[in-house]
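Please look over the sequence and the model below, and then work through the questions one at a time.

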Amino acid sequence: MEKPSRIGKILRTLAAAAVLLGLPLSAAAEGPYKNYTYDAYDNAVPTAAGYLPDRLVSGDDLGVGPFNGPTDLYFDNQAYLYLLDAGNSRIVVMNRDLTLSRVIRPADESGAAITFQNAQGLFVRDGTLYVADMDAKQVYILDSEGRQTGAIGAPVSAVLPAGFDYKPSKVLVDSTGMVYVISYGCYSGALQFNAAGEFLGFYGSESVTMTADLVMAKIWAKIVPKSMSSSQIRAVPVNYNNFDLGEDDLIYTTKDDVESTNGQVRKLNYYGKNLLFYNGTGQVRTYGDLDTYTTNQGYMASILSDVDVDENGFISVLDTRHNRIFQYDRDSNLLFIFGGSTGQLGCFTAPCALESYDDQVLVLDRQTGSITVMKATYLAKTIRAGSLLLSGGHYAEGKPLWEEVLRYDGNYTLANVGLGKAYEAQRDYQASLEYFYTANDREGYSNAFYQYRSEVLRQWFPAILIGVVALFALSAALGYVRRRRKAVSDYDIRVTALRYPFYTMRHPFKGYTALKEEKKGSKYIAHGILLLFFAVSIFVRQNTSFLFTESRPEDFNIGYTFVSTVGIFAIAVLSNWALSTLMNGEGRFMEIWTFGAYALLPYVIAMVPLTILSNVLVTDEGAFFRIAVGVVYAWVFIGIVMAVREVHQFTMKQTVLSLLGTLLGVVIIGALYAIIYSMFTQLVSFAGTAVSELLLRL
């Protein structure tokens, strides 16, 4: 193993120091809320706390009197935290340690006090304050003492839609002096102004998010008259509701959208294109809670209303529906979830803004008029230090940190990814594969497996070469013997009943015709094929490479597998037999069963070697595997079509109608089964509850 570089040693020392700073904080503490995260398969699982509440900071604590409807926080990434106390028309400035620095009371050019009407957004750049006031319809520009030096009012431009209502709710300014304003209700993106306040156009315009409701609305609009479709859902882009400026001078946004399943947080470059990807270029993740549900109040997905990016690139997002904070690293890996809706310290009533710095997250609550200070635990500091090393490509240096994380949470996804990368960097590919598998990281698993496979091939190349040559020699010998044999006629009687399934597999068009005419189908052979079909399905389910299946071996259920194979086959045969009696089909039930079972033989024979083959392929070679599987399924389908046609002596049109009817029958029977099963389980539950009540009353 190569010695670590000097830079690597420095990074490892810094990371360890960062961890040691958190030692006084207990990672095992629970806090006043449910500590959970999502595992590699997006299941909510309990975990140790990442952040714990430290204290509350109110206006009374600062000696300035109660806050009145505060709406925003801004940390200048240097020394001061600014709080927009909108109801009191003032800006409270705190030092980095949250002690009072000063109070700014805005005034216009003449010195008269400015009364905020509905101030929602605050930003500070080089001592200049920008306050977005929705009802005043302008962005106030104030100097460090609060004296107004300018304003950004409603823009005038031909690109603005008719009747545009300027309601600035949030504002930020980049390092070049460009001003970005979110106008409430504007669906064209943020408004962009130059340093002189001149309107330049829209920035980061969102595309329309197509949901199931929108698709149905579009279809419905094609059917009903315009007068009836006027109340239908309109396909309009989703508007931004907040944003923040990262250390790289790129803008992070949240959007007011509960229908989107991903991409609710974006990182926009200078052209307004999203750069915040997850698990590969071009992919975006779902932010907020992954477990969503529906109540009488509607779809209860997270409502993301604020985003903050700290000095290390960690992204904190405020969910104001569930009053939680979700923190991600710069690669959108979920790190922590904390907060809640109770009245305890660390939970919130009406959170409206957040800021983060120095391993702490500050949450402003509009209703209680206070700031909750959440501090990172030892576990959180360890994870954050490891994440920085991981994103920087210093995999080996992060190994001790991820091992420490797994002491507290053995299934923590990012820790398993980090250890997978670390062992891969140390050329211990077998250990690397185990961690990537646990983390459900297919890309990492594929890369490590490619290296492992190359290593094995180099080691065993002579033996593999001899095996390949022997295989070709055996194939040539068998071919020679086959050619020496006398050719058997397509309908020769010497094609025995035992050989007929293989004959129909190789010659489906002629084989099923011969099978019907010569009546050599065997129900016992059909039962055997069906039993093998079930066994092979289990083998495929349990042994297909991790890279090419979503199923997990540990989730195997033999009952479900039996129902989804033999059960569906039996239902399909029953449906086809019932339908054929209405279509004057000639096939009897057992004939349909036999012919159908014969059609499954290509799957039985081909899927075992293909499944074995999947375990020596990497992701980039997956197309070959999927094509081969597709050929097998097409082979089976052709066999089913020919089996149905010949067993009933149908025309091709009748065959297609029969197959469609069979599919419909399977769906109907499956739905009836689901209804009956649901009613039965409810009846059992009711009976159990009734018995329990009776026992309690006796």
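Q: In what order do the strands of the open sheet of 4 strands stand?
A: This is a predicted model, in which local features need pLDDT of at least 70 and side-chain atom pairs count only at pLDDT 80 or more, while totals for chains, interfaces and linings use all residues. Residues are numbered from 1 along each chain as its sequence is written, and side-chain values use heavy atoms, with hydrogens and water left out. Strands (E, at least two residues) and helices (H or I, at least four) are DSSP runs numbered from the N terminus, and two strands pair if DSSP finds at least two bridges between them. With antiparallel pairing, the order of the open sheet is β8-β9-β10-β11.

Q: Why is one side of β8 and of β11 left without a neighbour in the sheet?
A: Strands of a sheet pair through backbone hydrogen bonds, either parallel or antiparallel. β8 (119-125) and β11 (148-152) each have a single partner strand, so one side of each has no neighbour, because both stand at the edges.

Q: Which residue of β9 is the bridge partner of G121?
A: β8 pairs with strand β9 (residues 128-133) in the antiparallel sense, and this pairing runs over 6 bridges. In β9, the bridge partner of G121 is A132.

Q: Which elements do the buried residues of α10 pack against?
A: Buried means under 20% relative accessible area, exposed means over 50%, and partly exposed lies in between (1.4 Å probe, protein chains only). In helix α10 (residues 508-518), the buried residues are P508, G511, Y512, T513, A514, L515 and K516. Contact means heavy atoms within 4.5 Å, and the elements that these buried residues pack against are α9 (500-506), α13 (589-599) and α15 (622-648).

Q: How many residues apart are D310 and R384, which meet in a salt bridge?
A: The side chains of D310 and R384 meet at 3.0 Å, N to O. D310 is buried at 4% relative accessibility, and R384 is buried with a relative accessible area of 5%. D310 is in the loop between β21 (304-309) and β22 (315-319) and R384 is in helix α4 (residues 378-391), so the pair links distant parts of the chain, since D310 counts as buried; the separation is 74 residues.

Q: Which residues is T655 in contact with, leaving aside its neighbours within four places in sequence?
A: T655 is found in helix α16 (residues 652-697), and at 0% relative accessibility T655 counts as buried. A polar atom of its side chain lies 2.8 Å from the backbone oxygen of T651. Leaving aside the neighbours within four places, the contacts of T655 are V641, V644, R645 and F650.

Q: Is the pair of Y287 and Y328 stacked or edge-to-face?
A: Rings of Phe, Tyr and Trp (its six-membered ring) pair if their centres lie within 6.5 Å, and planes under 30 degrees apart count as stacked, over 60 as edge-to-face and the rest as tilted. The structure holds 25 aromatic pairs. The ring centres of Y287 and Y328 are 5.0 Å apart and their planes stand at 75°, so the pair is edge-to-face.

Terms used:
A salt bridge is a side-chain nitrogen of Lys or Arg within 4 Å of a carboxyl oxygen of Asp or Glu. A polar contact is a pair of N or O atoms within 3.5 Å; within protein, one must be able to donate a hydrogen and the other to accept it, and residues adjacent in sequence count only if both atoms are side-chain atoms.
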